[in-house]
Amino acid sequence: MSSEWENKYGVISGGTSGIGLATAKMLLSQGAKVLLIGRTDKSGDLALAELKEYAGRVKFLRVDLGLVSQCEALGRNLAKQGEKLDFLVNSAGCYDEKPLASITEEDYNFMLSNNLQATIFLTKALLPLFKKNGAIVNVASDAGIKGNYGCPLYSAAKGGIVAFSRSLALDLAPDIRVNCVCPGDVDTPLVDKQIAKGHYTKEEMAQVYPLGRIGKPEEIAYVICALASSHNGFMTGAVIPVDGGLTAKG
């Protein structure tokens, strides 16, 4: 029996590491064809090396999603190639902790352009390429639902993705489903960068979660794949926390 993903084609932003790479592995293992979007050629090369068993069904393109012009160029190039999309996973993003009093205009532009703006304009650029009954999954954060200490700008950016996802789901129904995943801390290079700054350890980070640990990329990827699956065809506009019980604490 063939997989529902066999020969399905889609784009994963932030697909060269962490949650995006874990999602790519799952979809490729089920027969999908995937275009990974990342910021550097080095990250793309490393990802393709890790996915070498799927060579021929996975490609990488370097795109700075913080630039609207590059999102638009990607859309034009894929259209010229005659590509048609079944799914889009917007998992690219960045994180930083800084109190409001220290935030600069440069901080604002960087955080919003690489999170909210990237999600909006990549989706806009690729929307004309979608087949009917396609699926979009946006990756936000628990901070986009309930806020978080020390990162008001990040929380605002991810909260924008949550609201964007809900509104877009209404606009695109019934042809394209749009859902949003809100992870807590996940053991990815993004968290490793946080730890490297010396503010806390992974063990300390884990203590705030009812499940007593942070997440694994594969655990978030399972939910992303489920939301994108046609088996969840009655699900759109949903915002799903995958956060070890963090948002349940209120």
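Predicted model: local features only at pLDDT ≥ 70, side-chain atom pairs only at ≥ 80, totals over all residues.
Eight salt bridges were counted in the model. One of them is formed by Asp64 and Arg39, whose closest N and O atoms lie 3.2 Å apart. This pair links distant parts of the chain, its two members being 25 residues apart. Asp64 belongs to the loop between strand 3 (58-62) and helix 3 (68-80), while Arg39 belongs to the loop between strand 2 (33-38) and helix 2 (41-50). Asp64 is partly exposed, with a relative accessible area of 22%. Arg39 is also partly exposed, with a value of 45%.

A salt bridge is also present between the side chains of Lys98 and Asp107, with an N to O distance of 3.0 Å. Lys98 has a relative accessibility of 27% and counts as partly exposed. Asp107, in contrast, has a relative accessible area of 19%; the cut-off for a buried residue is under 20%, so Asp107 is classed as buried.

Arg213 and Glu219 form a further salt bridge, in which the closest N and O atoms are 2.7 Å apart. Arg213 is partly exposed, at 34% relative accessible area, and Glu219 is likewise partly exposed, at 28%.

The packing of helices was examined next. Two packed helices are described by the angle between their axes and the distance between the axes. Helix 4 (residues 105-126) packs with helix 6 (residues 152-172) at an angle of about 15 degrees, and their axes are 9 Å apart. Because angles under 35 degrees count as roughly parallel, helix 4 is roughly parallel to helix 6. The crossing of helix 4 with helix 6 is right-handed. On the side of helix 4, the contact is made by Asp107, Tyr108, Met111, Leu112, Asn115, Leu116, Thr119, Ile120 and Thr123. Helix 6 contributes Leu153, Tyr154, Ala157, Lys158, Gly160, Ile161, Phe164 and Leu168. Of the residues in this contact, eleven are nonpolar, four are polar and two are charged.

The residues of helix 3 that make the contact are Val68, Cys71, Glu72, Leu74, Gly75 and Leu78. Those of helix 4 are Gln117, Phe121, Leu122, Ala125 and Leu126. This contact between helix 3 and helix 4 consists of eight nonpolar residues, two polar residues and one charged residue.

Finally, Lys249 was considered. This residue is found in the segment after strand 7 (239-242). Its relative accessibility is 51%, and since exposed means over 50%, Lys249 counts as exposed. When neighbours within four places in sequence are left aside, Lys249 is in contact with Val208 and Pro210. Lys249 and Leu65 are 184 residues apart in sequence, and their C-alpha atoms are 34 Å apart in space.

Key: Residues numbered from 1 in each chain as written. Heavy atoms only, no water. Salt bridge = Lys/Arg side-chain N within 4 Å of Asp/Glu carboxyl O. Helix = DSSP H or I, 4+ residues; strand = E, 2+ residues; numbered from the N terminus. Buried < 20%, exposed > 50% of the residue type's maximum accessible area, 1.4 Å probe, protein only. Axes fitted to C-alpha atoms, helices over the stretch in contact; angles between N-to-C directions. Parallel < 35°, antiparallel > 145°, perpendicular 65-115°, else oblique. Left-handed = near helix turned anticlockwise from the far one by under 90°. Contact = heavy atoms within 4.5 Å. Nonpolar A, V, L, I, M, F, W, Y, C, P; charged D, E, K, R; others polar.
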